[in-house]
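Dear colleague,

I am passing on the structure we spoke about, and below it you will find my notes on what was found. Please read them with the sequence and the coordinates open beside you.

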Amino acid sequence: MADNIRQFPGAEIPDQTLSVEREPFGFCNHDKISLDGHARTVRCTKCDKVFDPFDFLKNEVRRLQDAWERHRDVRAKLTDMNDRVEALKKEEARLKGRIKTARAKVEPAIDVRNRNL
Ligand SMILES: [Zn+2]
């Protein structure tokens with residue numbers, strides 16, 4: 001940098017003092033669990049973490065309860081949607097019938113044999 005050029009005062013970037021902690025490399029979801037009946041322990045086979053058996057069971061029960069709750073909600077929504085689809089099908093059939101009737105009134109069928117003219 002030339003001697004006669006100076007950085008504009010106040011333009012310096014302040015030191016970075018904040019950071020977001022990242023998940024540790026190899027973060028484990030504890031997907032594979034091993035139950036040791038002899039030692040009565042619950043252990044993750046991937047990362048070897050040992051869980052308190054009661055806490056583990058409590059978490060699993062909670063997870064299952066949530067899953068059943070969501071399942072019930074989805075079933076209720078599905079039933080509701082099916083009812084609405086059935087109602088729409090009936091409405092469609094009814095409207096098609098009305099269109100057919102209206103067309104028949106506007107464009108009367110032509111008697112090609114001139115019997116009823
Ligand atoms: Zn694990």
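Serine 34 touches Arg43 and Thr45, when residues up to four places away in sequence are left out of the count. Please keep in mind that this is a predicted model. Serine 34 lies in strand β1, and its bridge partner in β2 is arginine 43, so that one of the two contacts is also a bridge pairing across the strands. With 12 C-beta neighbours inside 10 Å, serine 34 counts as exposed, because a residue with 12 or fewer such neighbours falls in that class. Serine 34 and lysine 46 are 12 residues apart in sequence, and their C-alpha atoms are 9.7 Å apart in space.

β1 and β2 pair in the antiparallel sense over 4 bridges, whereas strand β2, residues 41-44, is joined to the antiparallel β3 by 2 bridges. Arginine 43, already named as the partner of serine 34, also stands opposite valine 50 in β3. In general, strands of a sheet pair through backbone hydrogen bonds, either parallel or antiparallel.

The two turns of this sheet deserve a careful look. The hairpin of β1 and β2 has 4 residues between the strands, and there arginine 40 takes a positive phi near 55°. The hairpin formed by β2 and β3 has 5 residues between them, and aspartate 48 in that turn has a positive phi of about 70°. Neither residue is a glycine, and most residues other than glycine have a negative phi.

Are arginine 40 and aspartate 48 buried or exposed? Arginine 40, in the loop between β1 and β2, is exposed, with 8 other C-beta atoms within 10 Å. Aspartate 48, which is placed in the loop between β2 and β3, is likewise exposed, with 9 other C-beta atoms within 10 Å.

Ahead of the sheet, aspartate 31 is found in the segment before β1. Aspartate 31 counts as exposed because it has 8 C-beta neighbours inside 10 Å, and 12 or fewer is the limit for that class. Aspartate 31 and threonine 45 are 14 residues apart along the chain, while their C-alpha atoms are separated by 8.5 Å.

Turning to the helix, α1 covers residues 53-106, and with its 54 residues it reaches 78 Å from its first C-alpha to its last, which is close to the 80 Å expected at 1.5 Å a residue. Helix α1 is hardly covered, since the count of buried residues among its 54 residues is 0.

For the protein as a whole, there are 1 helix and 3 strands, and read along the sequence they follow the pattern β-β-β-α.

Conventions
Residues numbered from 1 in each chain as written. Predicted model: local features only at pLDDT ≥ 70, side-chain atom pairs only at ≥ 80, totals over all residues. Pairing = 2+ DSSP bridges. Buried ≥ 20, exposed ≤ 12 C-beta atoms within 10 Å, placed from the backbone. Contact = placed C-beta atoms within 7 Å. Expected span 1.5 Å × (residues − 1).
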